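Please have the chain open while you go through this note.

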Amino acid sequence: MADQKNITESESGVQGQYKTWFLDYASYVILERAVPAVEDGLKPVQRRILHAMKEMDDGRFNKVANIIGQSMQYHPHGDASIGDALVNMGQKELLIDTQGNWGDVRTGDDAAAPRYIEARLSKFALEVAFNAKTTEWQLSYDGRKQEPVTLPMKFPLLLVHGAEGIAVGLSTKILPHNFIEVCEAAIKYLRGKKFELLPDFLTGGMMDATSYTEGKRGGKIRVRAAIEEVDKKTLIIKNIPYGITASTLMDSIVKANDQGKIKIKKVTDAIAKNVEIIIELAAGISPDITIDALYAFTDCELSISPNACVIVDQKPRFLGVQELLKLSVDKTKDLLQRELEIKLSELEDKWHYTSLEKIFFEEKIYKELEKKHETWEKVIAAIDKAFAPFKNQLKREIAREDILKLTEKPVRRIYKLDIDELNDQIKNIEADIKQVKYDLNNLTDFSVAYFENLLKKYGKGRERKTEIKLFDTIQAKQVAIANTKLYINRSEGFIGTGLKKDEFLADCSEFDDIIAFTKRGIMKVIKVADKTFIGKDILHAAVFMKNDERTTYNMIYSDGDSGTSYAKRFNVTGVTRDKEYDLTKGNDKSKVQYLSVNANGEAEVVKITLSPNCSARIKEFDFYFETLDIKGRSSMGNQVTKYPVRTVKFKEKGTATLAGRKLWFDNVYGRLNGDGKGILLGSFEAEDKILVIYKDGSYELTDLELTQRFEPDKILLLEKFNPEKIITAVYADVDKKQYFVKRFKIETTSLHNKFFFIKEDKNIVLETITTTQDPVLYFEKGRGAQIQKIKYKIGKNIEVTGWKSVGTRFEDYSKSVKMHWVDNNTNTQQTLFE
């Protein structure tokens, strides 16, 4: 029985260990490895590295190999983890000054071996991260050394550095923020003002932080590389999105090209001091569509999900960046208060001893040392008694240690100059005490001044590198290259990419949908696939454009039940994929006699021939589709004839029955659209063009393609092109100190080519432009009471000349000039982009 009891107790102990070991391991990884502490924003390995570097600090650089060795006294893990953490901190260029090849976060190049590179603490780190008097200490893992529990970090380091780590059951991902913006946000918080913080990355790029939600779980940001169009055949990538390197970015571009999602000739790595990845396009490929495709199919655009988890009171907590900043600033304020209190205590001690020293010599109390006393204790007592008349001049009791310290000073002849020097010291100490007490009473102002000082000393060169923008959503279907060939077997009713022996239908992409119509009157929309059955006798199939309200289908069918023929016109905007839609009255014997597809709602004329055996008096007549309204696809249609139809043949092309397409310009995203977003440009026919006038003094004519990309901050005017409209421009020649005005018409016709209508010169600046019919320029110059307001009737006094002409002088140049246009006929001011 005893043996059985021992076995049971043993099993219980093992089971208990299994229950606790995993929890112990998880807690260790969370608290000691992966997640930073909120107090100093550091993981344990980072804290131990900085502490080791402080011990080694003498102002000179140290070999990284030596720093790793010093850190291993505190960190119970291998040298590789210490070296990686040190390089990571060094690449962030804040706490550590580096020397040698430390790698490149843009290219992914590794740092040189630890024996070849050097580091030291930066002046910033020495100022904000260390103070032995306010540091809480603990024994190192082997009990031989003292190490800090947390560093007394007087700065929201976690927000500037960022952090990333994977623990057991949770992870953390805090994105880095801008040094200057963090300091400014800290100042705003201390002053009780609202603030906002958004990430900033050393790699630059662009960022849409619409869904950032303060870096909390569930939020996300989108980051993009900046892609510029050098010419119609070349693109250049000038920075790398956060979280990847140039090599992985280039690999993703090559992979997308190999998969046929984009078409490029070559990708070249031209990275030196600045990032430059050159992309040469294949012949006939649009650079605008390629830019969109790069964002859609490669790592040129990434989505990053932050997850701000930190250790607070030995527990992991999920916080937002605003709460993190508040906690860090409050901690900084507490540390500043503790430092001031310590300083005040030290100053008061110094004042007390200096005052004692002054009395000791000024009142010749030191002569007690020359008298013959029986014991040393009596000497101390005699000196203490001699101080009795002067104790009311002091702020605290005289301790035995104070007297012993005085007796250790060498006794020599005291001059008045020495007493005066002590008086000066006391005055200076009293002034310092007064200032420290003032700072303690005005701790918020002192903290604000502290952050302002950090900003002044260390903010230079730390301006924001990542541009904050709103990104449009790129539909992969719209920018995908048509790299797949689609085939059709009309009689058998199959469509697919694998039917290579059958009729070629069209080029398409893997993202496309296909719409098909059969002789029976069935319509179906399917995904591009290897082989899909639609139904026998396919009449028409094409790539389907969802929400297309302009493409109109004209159809005549005969009802299988009554034999009556009906005509209908309809659009197909939205459908359920793979569902069969019956476009007839539903009888299985119904059949389509005529079907046409019209991109702009054209309504043709057809010739209908009836069966020669029918009783109809007129057996041949014309039918005009323009007599029908465009209705839904499920409508029955209008009766054409109750007699059996022999043939329906196309006779005459019709005109478009739809109004011109309305287009808007979204000046946030720089896109044309038909969805009513932005500024209405007007109603457009297929042959119409758009005029774009840029701030650099050039113009461009473009087509109506919605995939075009514009940069609103570079545009002065964008509108529907009218070749008869006169353009009026005012530009400044800074060298000649002169304003010029010119009026001209657009004489060129080529699309997507820029033409400069003023001289290309950095000292020639386009000031304003208008296309109003009879423009009047309101011109203000001067300042204060000296402002002159002048009205120029430009339209009536300046002749129209060629677009290459210099123009007419009309005013002296001045930086303080303001001007705007008014149409003299309508008395309305033009506001688009001006």
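1. Strand 9 and strand 14 (residues 301-304) run antiparallel and are joined by four bridges. Ile221 stands opposite Ile304 of strand 14. This is a predicted model, so every point here concerns a prediction.

2. Strand 9 also pairs with strand 8 (residues 206-208). Three bridges join these two strands, again antiparallel. Here Asp208 stands opposite Arg222 of strand 9.

3. Please look at the arginine side with the next two points in mind.

4. Arg224 forms a salt bridge with Asp472, with 3.6 Å between the closest N and O atoms. Arg224 belongs to strand 9, while Asp472 sits in the loop between strand 17 (467-468) and helix 15 (476-479), so the pair ties together parts that are 248 residues apart in sequence. Both partners are buried.

5. The pair is part of something wider. Asp208, Arg222, Arg224, Asp292, Glu301, Asp472, Arg671 and Arg709 are linked in a network of salt bridges. Side chains of opposite charge can pair when their charged atoms come close.

6. Glu503 forms a salt bridge with Arg490, and the closest N and O atoms are 3.0 Å apart. Glu503 is in strand 20 (residues 503-508), and Arg490 is in the loop between strand 18 (484-489) and strand 19 (494-496). The two are 13 residues apart, and the pair links distant parts of the chain. Glu503 has a relative accessible area of 36%, so it is partly exposed. Arg490 also counts as partly exposed, because its relative accessibility is 29%.

7. Lys720 forms a salt bridge with Asp688, the closest N and O atoms being 3.6 Å apart. Lys720 lies in strand 39 (residues 715-720). Asp688 lies in the loop between strand 36 (679-684) and strand 37 (690-694). Lys720 is partly exposed, at a relative accessible area of 28%.

8. Three strands form an open sheet in the order 1-3-2, with antiparallel pairing. Strand 1 (62-63) and strand 2 (96-99) are the edge strands, each pairing on one side only. Strand 2 and strand 3 (residues 118-121) are joined by four bridges. Ile96 has Leu121 of strand 3 as its bridge partner. Helix 2 (residues 44-56) packs on this sheet and touches strand 1, strand 2 and strand 3. The direction of helix 2 makes about 90 degrees with that of strand 3.

9. Another open sheet of three strands has the order 30-29-33, and its pairing is antiparallel. Its edge strands are strand 30 (620-624) and strand 33 (645-652), each of which pairs on one side only. With direction ignored, neighbouring strands of this sheet are turned by 25 degrees against each other on average. Six bridges join strand 29 (residues 605-610) to strand 33. Among the facing residues, Lys607 has Lys649 of strand 33 as its bridge partner.

10. The hairpin deserves a look. Strand 4 (residues 136-139) and strand 5 (residues 146-150) pair in the antiparallel sense over four bridges. Glu136 stands opposite Thr150 of strand 5. Six residues lie between the strands, and Gly143 takes a positive phi near 75 degrees in this hairpin.

11. Last, the surface. Which residues make the nonpolar surface patch of about 250 Å²? Leu470, Val668 and Tyr669 do. Tyr669 lies in the loop between strand 34 (661-666) and strand 35 (671-673). Tyr669 counts as partly exposed because its relative accessibility is 33%.

Technical notes
Residues numbered from 1 in each chain as written. Predicted model: local features only at pLDDT ≥ 70, side-chain atom pairs only at ≥ 80, totals over all residues. Heavy atoms only, no water. Patch = residues over 30% accessible without salt bridge, like charges linked within 9 Å, V, L, I, M, F, W, Y side chains within 5 Å. Areas by Shrake-Rupley, 256 points an atom, 1.4 Å probe, with all protein chains shown as cover. Salt bridge = Lys/Arg side-chain N within 4 Å of Asp/Glu carboxyl O. Buried < 20%, exposed > 50% of the residue type's maximum accessible area, 1.4 Å probe, protein only. Pairing = 2+ DSSP bridges. Contact = heavy atoms within 4.5 Å. Axes fitted to C-alpha atoms, helices over the stretch in contact; angles between N-to-C directions.
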